[in-house]
Amino acid sequence: ILLATFTNKAAREMLGRVELLSGVDIRRLWGGTFHHIANRVLRRHGDRLGYGRNYSIMDADDTKSLLNACMTDAGIDTKSGRFPKGAVLGEIIGFSVNTVNPLEETIGLKYPHFSHLVEDIVDIARAYRERKKSLNLMDFDDLLANWLELLSSEPEVLREYSERFLHVLVDEYQDTNSLQASILDLLGSRHRNLMVVGDDHQS
């Protein structure tokens, strides 16, 4: 069984209920947030994507700093107000990753006031991606994006996890994004036992 939810607190409560109801040793189950499960998988198989298994996970401040460094290296002046600062650029890139939409489309639809900067933003995003990989770093969005890439590009890995999990259970499904939904589709592709609970009023 794989149990996925959106906060560590909810994951602990969910696993605790399973243990109480079934008496099963919950160490035999995989459960937690999407990011926790992704990290667990990537620690085992991240080398297939060119990462060392001892990669570090960046927080929001790390992301902002690295993006600012990429912009400085590219000679972009963010102080003029013309170009988005690191924190905003991180949001734009993150939205693109989580909706599985090209960066150009994301900017046009959600950040049209930056449309005239699309080429520069795409270049910085590429530099940021390359810099992370060379430093063996992943941000939170990378955990999910790389998990999906691993399942999509490595048939052996997909077979291992889609066969391992007879049942995939997801709580708070209204909070899933396109990236997470694609991961769930792949994980449930072998046994086709996917159970989700969500509230469309919170969607």
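How many helices and how many strands are there in the protein? There are nine helices and six strands, where helices (H or I, at least four residues) and strands (E, at least two) are DSSP runs numbered from the N terminus. Please keep in mind that this is a predicted model, in which local features need pLDDT of at least 70 and side-chain atom pairs count only at pLDDT 80 or more, while totals for chains, interfaces and linings use all residues. Residues are numbered from 1 along each chain as its sequence is written, and side-chain values use heavy atoms, with hydrogens and water left out.

**Overall picture**

Along the principal axes, the C-alpha atoms fill a box of roughly 60 × 40 × 30 Å. Of the 203 residues, 40% count as buried; buried means under 20% relative accessible area, exposed over 50%, and partly exposed in between (1.4 Å probe, protein chains only). Taking contact as heavy atoms within 4.5 Å, residues 24 or more positions apart account for 69% of the contacts with a separation of 6 or more.

**The sheet**

An open sheet is formed by four strands in the order β2-β1-β5-β6, with parallel pairing; two strands pair if DSSP finds at least two bridges between them. Because β2 (30–33) and β6 (194–196) stand at the edges with a single partner strand each, one side of each is left without a neighbour in the sheet. On average, neighbouring strands here are turned by 15 degrees against each other, direction ignored. Strand β1 (residues 2–5) is joined to β2 by four bridges, and L3 has G31 of β2 as its bridge partner.

**Nonpolar cores**

A nonpolar core is a set of buried Ala, Val, Leu, Ile, Met, Phe, Trp, Tyr and Cys residues joined through side-chain atoms within 4.5 Å. The largest one has 28 residues, and W147 and L187 have the most contacts inside it. At least two residues of this core come from each of β1, α2 (34–45), α7 (140–153), α8 (155–164), β5 (168–170) and α9 (178–187). Helix α7 gives the most, with six residues. Beyond its neighbours within four places in sequence, L187 is in contact with L2, W147, L151, Y161, S162, F165 and V168. Apart from this core lies another, of 22 residues, among them L66, L89, I107 and V118.

**Helix packing**

Axes are lines fitted to C-alpha atoms, for helices over the stretch in contact, and angles run from 0 to 180 degrees between N-to-C directions. Two helix pairs are set out here.

| Helix pair | Axis distance | Angle |
|---|---|---|
| α2 and α8 | within 12 Å | roughly 140 degrees |
| α3 and α4 | 8 Å | about 105 degrees |

Angles under 35 degrees count as roughly parallel, over 145 as roughly antiparallel, 65 to 115 as roughly perpendicular and the rest as oblique. Helices α2 and α8 are therefore oblique to each other, and V41, R44 and H45 of α2 make the contact with V157, E160, Y161 and R164 of α8. Helix α3 is roughly perpendicular to α4; T63, K64, L67, N68 and M71 of α3 meet G86, A87, L89, G90 and I93 of α4 in the contact.

**A look at I57**

I57 sits in strand β3 (residues 56–57) and is partly exposed, with a relative accessible area of 32%. Leaving aside neighbours within four places in sequence, I57 is in contact with N39, R43, D62, M138, F140 and L143. I57 and F140 are 83 residues apart in sequence, and 7.0 Å apart in space from C-alpha to C-alpha.
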